[in-house]
Amino acid sequence: MNRIDQTLTRGWQIHQQKDFKQAEQIYRSVLNEAPQNANAWCYLGIALHDQRRYDNAVAAYRQALELQPHFPIALNNLGNSLRYIDQYDEADHCFARALELKPDYLNAYKNRGTLHVWTGNLDRGQDYYEKALAINPQEAELHRNLGVIYLLKGDFDNGWREYRWRWRVGDLRRSQLNIPVWDGSELAGKTILLTAEQGLGDTLHFVRMAKLLQARGATTIVHCQAPLLALMQTDEELGTVFPNNIPWQQPVDWQCSLLDVADLLGMNVDSIPSQVPYLRAAPQLKQYWQQQLPTSPGTFRIGIAWQGNPDHQADAYRSLPLSCFERLAAIPNVELVSLQRSVGTEQIAQWNGARPLTLLPDDVDQSSGAFMDTAAIMHSLDLVITSDTAMAHLAGALGTPTWIALGYVPDWRWLLDRDDSPWYPSVRLFRQPSMGDWSSVFDQIAEALNQLIVKT
């Protein structure tokens, strides 16, 4: 191995430790010495992509291909970055070209499948995933992705079977390695530790499973994210709730992630438990916020949220600009209350609505625990309108009337082609008719809101 290759190898080792900026510097040092090295340009593209500098990554891959046109890895990577900047047709062409050069290129099939899933062609995406599985039937990420497609389509039997493979992908870990994982066995008289698996929204969504297992005779312990502890403890029916930043030390018979409970119970669209509320606001906080937000006769008060976790892989497709809500502010008697916290609040400075947003104090949810104040505030609202974030699951769990603005290809739990949710009877769904078309969504919302206010 020559010195250039040794340097690239060292950069890649640092890259795999997720120090993308340091890796970028190493790749650029190689290019300063050897600007005709196509591999170095390709490595640089990966480092830039992983920093979400997609336009720069595209430029790096194009340079690699200028030097080495028949470079399937660079073509695949270029397609992957192009789909993040909405250049879908060219991305598909890149994947097709990579597969012409390397017909057994699993990652190109995988990325091409994801491209078509993202753009709403689920059947074609599924076909590419299945072609990739023919190359490697044990590729866990492909099985997981197929599971998401099946669940989104409402095929829960195949969906759960494939989605179980997520535990083999490598980005999920069970925190309690010494406790056997529940296999669906009889639970009467047994104690089961129910663990949070993914984000806060997922825990808010699936914590209802504790009550289902209690009905089967189990004693449940909800091992949830520490910020949710106070909120979960407001509902005594959930049983013991314990923060998962502290290992559970007492004897239990089983452990199971909250989401896996739904799988093991064979849950489908017809058997989803939809009883709400299954979470409740603290009474003293409800009273406090009712005083802070007193009812104003003739005013229709709406809580709004627009931005989810930017680290979520699909955040660009589920979060929306605050400016979408400006047309709602023009509706007579509407008061919009910002429920957005942290990321996304910087957009408030550009608000151009007919009436100003009602802003809450900066210390909301800071003293009592995550969502504690927000849950109480929701009791002083007539409606919540939100993008697909944890806020939607909080409002749904509380039984608050909620409208959710969904991207063209939504998260699997919202299913397809329906404006209601079997998970939350108080929720109404508004869907994009095409990718990125939030304008049509808010046209629908504005029309529905006018109709609702007339009836109120």
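Reader: Which residues are linked with Lys110 in a network of salt bridges?

Author: In this predicted model, the network of salt bridges joins Lys110 with Glu139, Glu141, Arg144 and Asp171.

Reader: And how many salt bridges are found in the whole structure?

Author: A search of the whole structure gives 29 salt bridges.

Reader: Let us take Asp263. Which side chain does Asp263 meet in a salt bridge?

Author: The partner of Asp263 is Arg164, with an N to O distance of 2.7 Å. This pair links distant parts of the chain, 99 residues apart. Asp263 belongs to helix α14, while Arg164 sits in the loop between α10 and β1.

Reader: Why does Asp263 count as buried?

Author: Asp263 counts as buried because its relative accessibility is 7%, and the cut-off for buried is under 20%. Arg164, at 42%, counts as partly exposed.

Reader: What about Arg166, which residue does it pair with?

Author: Arg166 forms a salt bridge with Glu197, and their closest N and O atoms are 2.6 Å apart.

Reader: Changing topic to strands: where are Glu335 and Arg301?

Author: Glu335 is in strand β6 and Arg301 is in strand β5, 34 residues apart. The two form a salt bridge whose closest N and O atoms are 3.0 Å apart. Glu335 counts as buried at 18% relative accessibility, and Arg301 is buried with a relative accessible area of 7%.

Note on methods:
Residues numbered from 1 in each chain as written. Predicted model: local features only at pLDDT ≥ 70, side-chain atom pairs only at ≥ 80, totals over all residues. Heavy atoms only, no water. Salt bridge = Lys/Arg side-chain N within 4 Å of Asp/Glu carboxyl O. Helix = DSSP H or I, 4+ residues; strand = E, 2+ residues; numbered from the N terminus. Buried < 20%, exposed > 50% of the residue type's maximum accessible area, 1.4 Å probe, protein only.
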